[in-house]
Amino acid sequence: MTPQPGKPLLEVEGLSVRFPTRTRVVEAVRNISFSVGREKVGIVGESGSGKTMTGRAVLGLIRPPGIVESRKMEFDGINLRSLTEKQYRSIRGNRIAMVMQDPKFSLNPVMTVGRQIAEAYQVHTRASPSEAKRRTLEMLEAVRIRDPERVYGAYPHEVSGGMGQRIMIAMMLIPDPDLLIADEPTSALDVTVQMQVLAIVDDLVTSRGMGLMFISHDLNLVASFCDRVVIMYAGQIVETCKATELHAAKHPYTRGLLASLPRVDQPKERLSTLTREESWKTEPGVDARVS
Amino acid sequence: MRASPEIALAIAHLDVRFGNGDDMVHAVRDVSLSVNRGESFGLVGESGSGKSTVLRAIAGLARDWTGRIAVEGEELGRDRSKAFYETVQMVFQDPYGSLHPRHTVDRTLGEPGRIHGVGNLDARIVELLQDVGLGAEFRFRFPHQLSGGQRQRVAIARALMLEPKILLLDEPTSALDVSVQAEILNLLQRLKREHGLTYILVSHDLSVIAHMCDRLAVMNAGRVIEEMSVDQLRRSEPTHNYTRQLLKASLGYDRASVDALETFD
């Protein structure tokens, strides 16, 4: 399947995610539109801004009683809204993969790391067991795991958090997805390892034309790593810009976030804090699609 | 080890080990440092570098250590006295884990007060809540009714109950959003001024250390590999390659420099 040129890989229009509770309806995502091409799109916001729910909605992972509504959700010509659960399964993990935030809860604790990755590969490719093992070891090496043979036979509790995160990334990259949704994939890693893992993903975007949705709360990282940035607040997209222009952002929320960061190169007596305006929640959101 | 009235904390040749035989982990190796009164001293390093273990050894939470630790000129032994905790208190990384989920803020703050016989506890709790910017209305809430930032304020208030002179801060803002981090860092700066505190701050984030501290030590694989002033850091003058690499990585992603990264063990 070769994706169509000229069109974005993923196009989302008017996506909302709601969770009814006993007393009210929580609106996690409110009518957002965005697209992801063969590029790195950073989705930034604080906890509760809806960025993770956006990623989960694209993957069809919002379960009842959660409600997902959209006018359009199209991935490479496929209408995601009309997929059955079975059809979704053939895409999820294969053509769209997601790296979750916490490896502790995403890996099967009673299965060795190697078998889990190999299984992920075999499910989608019908490769032979020996081929799957070879690819798994290759992938572990690609995510800078120094002793792939040992890690292959290890159980998740026997590896560190940073290693667990790299294992997750290896597992998600092994079927060669077209779109990778990475939810804070490197926040548990040390900075140097973080940079190495990002470089692997970066090279995949450049060499294979993979699309990347990079969900993060780290503005500096997104500004230096991504091509485009989408800023979310209270379930809406409040601003979008080129990553290189993030430091000249206009929305008071984005500016407030940037100003609250301590910096090595610019000493400040006091950090500025964010005063949230009620109007940010009611003003119309921004369309972050590019065609 | 220097001994002078200016020194709040002095550590000499500290080694900390966990476990026995083949499973032994030598977490801290021959660490020496001294922190002046009223100073903010940063310990920076990646996970597993031993920075938190140094704090835990000072606080008496890691008991298997050798070397010398002196607080306010007094050498510490294996056990910590009640008086020690009136001088040194600790704030932990995870505000979700460090507060008892079934204790109200009132009970959490009152506990150290009751153990140490603080007079007029009632008024003191209200005063502390105000001091950390929460106000008396938070007094009878449970942790699940508080945001992450509010919980960390409660943890800071609890640490201040006994009017300590030294606060050990173990990644106090790493679990918080950046805007909340800014509020907590500002609060810590104000409390330090008002109460004449000395801080030892552990963080993996060089920009937090640079903002808060006067001097810092960089740790890697259990050792202090470099000690410098924050001014030297700001002028990008670290001498050790590891520190340079850490500084570079903290400024953002740069594809070209990734391949040049070295591994230090």
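**The chain A–chain B interface and two features of chain B**

In this predicted model, 27 residues of chain B are in contact (C-beta atoms, placed from the backbone, within 7 Å) with 32 residues of chain A. On chain B, two or more residues each come from helices H6 (178–195), H7 (206–212), H8 (230–234), H9 (241–250) and H10 (255–258); helices here are DSSP runs of H or I, at least four residues, numbered from the N terminus. H6(B) gives the largest share, 6 residues. This side of chain B divides into 13 nonpolar, 8 polar and 6 charged residues, where Ala, Val, Leu, Ile, Met, Phe, Trp, Tyr, Cys and Pro count as nonpolar, Asp, Glu, Lys and Arg as charged, and the others, Gly among them, as polar.

Turning to helix packing, H3(B) (residues 105–115) and H5(B) (residues 148–160) pack at an angle of about 25°, with their axes 8 Å apart. The two helices are therefore roughly parallel, a term for angles under 35 degrees. From H3(B), B:Val105, B:Thr108, B:Leu109 and B:Pro112 meet B:Val154, B:Ala157 and B:Arg158 of H5(B). By class, this contact has 5 nonpolar, 1 polar and 1 charged residues.

The loop between H8 and H9 of chain B holds B:Thr239. This residue counts as exposed because it has 10 C-beta neighbours inside 10 Å, the cut-off for exposed being 12 or fewer. Its C-alpha atom is separated by 9.7 Å from that of B:Ile225, 14 residues apart along the chain.

Residues are numbered from 1 along each chain as its sequence is written, and chains are lettered from A and ligands numbered from 1 in the order in which they are written. Local features need pLDDT of at least 70 and side-chain atom pairs count only at pLDDT 80 or more, while totals for chains, interfaces and linings use all residues.

Definitions and conventions:
A residue is buried if 20 or more other C-beta atoms lie within 10 Å of its own, exposed if 12 or fewer, and partly exposed in between; C-beta atoms are placed from the backbone. Axes are lines fitted to C-alpha atoms, for helices over the stretch in contact, and angles run from 0 to 180 degrees between N-to-C directions. Angles under 35 degrees count as roughly parallel, over 145 as roughly antiparallel, 65 to 115 as roughly perpendicular and the rest as oblique.
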